[in-house]
Amino acid sequence: MDAVLNGAIHDVTHRASDDNRFMDRALALAIRGIGCVEPNPPVGCVIVRDGEIIGEGFHERFGATHAEVNALLAAAQRASGATAYVTLEPCCHHGKTPPCTQALIAAGVKRVVAAVQDSFPPVSGRGIAELQAAGISCDVGVRAAEANWLLAPYRKLITTGRPWVIAKWAMTLDGKLATRTGDSQWISSEASRGVVHQLRGRVDAIIIGSGTAHADNPLLTARPADPSDVKRIATRVVVDSAASLSLDSRLIQTARDIPVLVAAANDAPANSAQQLADAGAEVFRCSGDTHGARMDALLQELGRRRMTNVLVEGGSKLLGTLFDMQAIDEVHVFIAPKLAGGATATSPIAGLGIERMASAMRLADVAIEALDADVHIHGRINT
């Protein structure tokens, strides 16, 4: 009896180990779709038979075939009787592509292992139910934490209607964004700026305040060393209540080639807004009597446009508004081994702030790396 029990325990343990290993591969594949598939979720799939991967795939770009179909195409007839490992519950509705559930059923897959259930209402739980109704064994929850981490921006857009907000800034060792005269170029190293260009190349929008636009006259385009790191062209957004962005700015001078959205207040001068529109920018009037209310209206609008990830590059007033709204989801900070000093020199986050250190926002999943002499700290807000 003990031998039988021990054998059963070994089989269960071995199967769990295999499930984790194959799901890890599916997650690694899913990551390759980030920046290319939004507002769809990044998804990976692995087809396994007799302990061997016989097909794999991921969702490569928005509107293209999904991960399951790509993996099934690679496996061909060998998929019959196999197990499919997929990082998200297979879809069961007609969107830009046919349902993946039907493809799995038609291929004769006998088992599906999904990391997590989909949050999208037309799918949520229905995909698994359809597979089970067809006689396919289904398990959900393998590497769920890792999959949920990967899917967080997609889930936020689906459940709140707002994009995932990534805050980025570079500062000196004494916490300054610029000198007391406003000079800020360059605080960080070329290696740090390279990472920022990679970030820009995978988001839907890059947001700055009017102060940063006037002081730095940035271009806000993605220019990484490897052009393949540019997965999408971000809309450049200037939060500018008075619609005062200069017509001579690099943003407006390039607005007909790369989108520029000026987020102005309802009472912004009509002639200023019209001049920006005539120069190629889009002017969106944000409702609300406060910076926070207008910023909330902007995030709602970006979510309505199905923007999944937005990168906020400052300045301190804009970052402070988002901080006070508790709207920041992820942070990238580049710290240079430099000292600027100055009581009036700008620090990264203005706004009201917190009263007690016990209430400070904490980062989870913190990663720290050296970039030349800089330190790059990356994490997500611990909710």
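A residue counts as buried when its relative accessible area is under 20%. By that cut-off Arg111, at 8% relative accessibility, is buried in this structure, which is a predicted model. Let's start from this residue and see what surrounds the charge.

Arg111 pairs with two acidic residues, Asp19 and Asp139. With Asp19 the side chains form a salt bridge of 2.8 Å, N to O. Asp19 belongs to helix 1 (residues 2-31) and Arg111 to strand 4, so this pair ties together parts that lie 92 residues apart in sequence. Asp19 is itself buried, because its relative accessibility is 6%.

In the salt bridge between Asp139 and Arg111, the closest N and O atoms are 3.0 Å apart. Here strand 5, which holds Asp139, is tied to strand 4, which holds Arg111, so the link spans 28 residues of sequence. Asp139 counts as partly exposed, at 29% relative accessibility.

## Other salt bridges

The model has 16 salt bridges in total. One of them joins Lys168 to Glu313, with 3.5 Å between the closest N and O atoms. Lys168 sits in strand 6 (residues 164-172), while Glu313 is in the loop between strand 11 (309-312) and helix 11 (316-324), so parts 145 residues apart in sequence are tied together. Both Lys168 and Glu313 are buried.

Elsewhere, salt bridges link Glu282, Glu301, Arg304 and Arg305 into a network.

In soluble globular proteins, nonpolar side chains tend to be buried together. In this model the largest nonpolar core has 39 residues, and the members that touch the most others are Met23, Cys45, Ile47, Ala84, Tyr85, Leu104 and Val112. Elements that each supply at least two residues to this core include strand 1 (44-49), strand 2 (52-58), helix 2 (67-75), strand 3 (83-86) and helix 5 (144-160). Helix 1 gives the most, with six residues.

Leaving aside residues up to four places away in sequence, Ala84 touches Cys45, Val46, Ile47, Leu104, Val109, Arg111, Val112 and Val113. A second, separate core has 30 residues, among them Phe284, Met307, Val331 and Ile381.

## Helix 4 and its buried side

Helix 4 (residues 126-133) has three buried residues: Gly127, Ile128 and Leu131. They span an arc of only 100° around the axis, which means that they share the same side of helix 4. An α-helix has 3.6 residues a turn, so residues three or four places apart point the same way.

Among the elements covering the buried residues of helix 4 are helix 3 (100-107), strand 4 (111-114) and strand 5 (137-140). After helix 4 comes Gly135, which has a positive phi near 90°.

## Strand 8 between its neighbours

Strand 8 (residues 235-239) has four of its five residues buried, so the rest of the structure largely encloses this strand. Strand 8 runs parallel to strand 7 (residues 205-209), and five bridges join the two. Ile206 stands opposite Arg236 of strand 8 in this pairing. From strand 7 the chain passes through helix 7 (residues 210-216) to reach strand 8, making a right-handed β-α-β crossover.

Strand 8 is also parallel to strand 9 (residues 260-265), to which four bridges join it. There, Val237 has Leu261 of strand 9 as its bridge partner.

How values were computed. Residues numbered from 1 in each chain as written. Predicted model: local features only at pLDDT ≥ 70, side-chain atom pairs only at ≥ 80, totals over all residues. Heavy atoms only, no water. Buried < 20%, exposed > 50% of the residue type's maximum accessible area, 1.4 Å probe, protein only. Arc of directions from axis to C-beta. Contact = heavy atoms within 4.5 Å. Salt bridge = Lys/Arg side-chain N within 4 Å of Asp/Glu carboxyl O. Core = buried A, V, L, I, M, F, W, Y, C linked by side-chain atoms within 4.5 Å. Pairing = 2+ DSSP bridges. Right-handed = clockwise from strand over helix to strand, strands pointing away.
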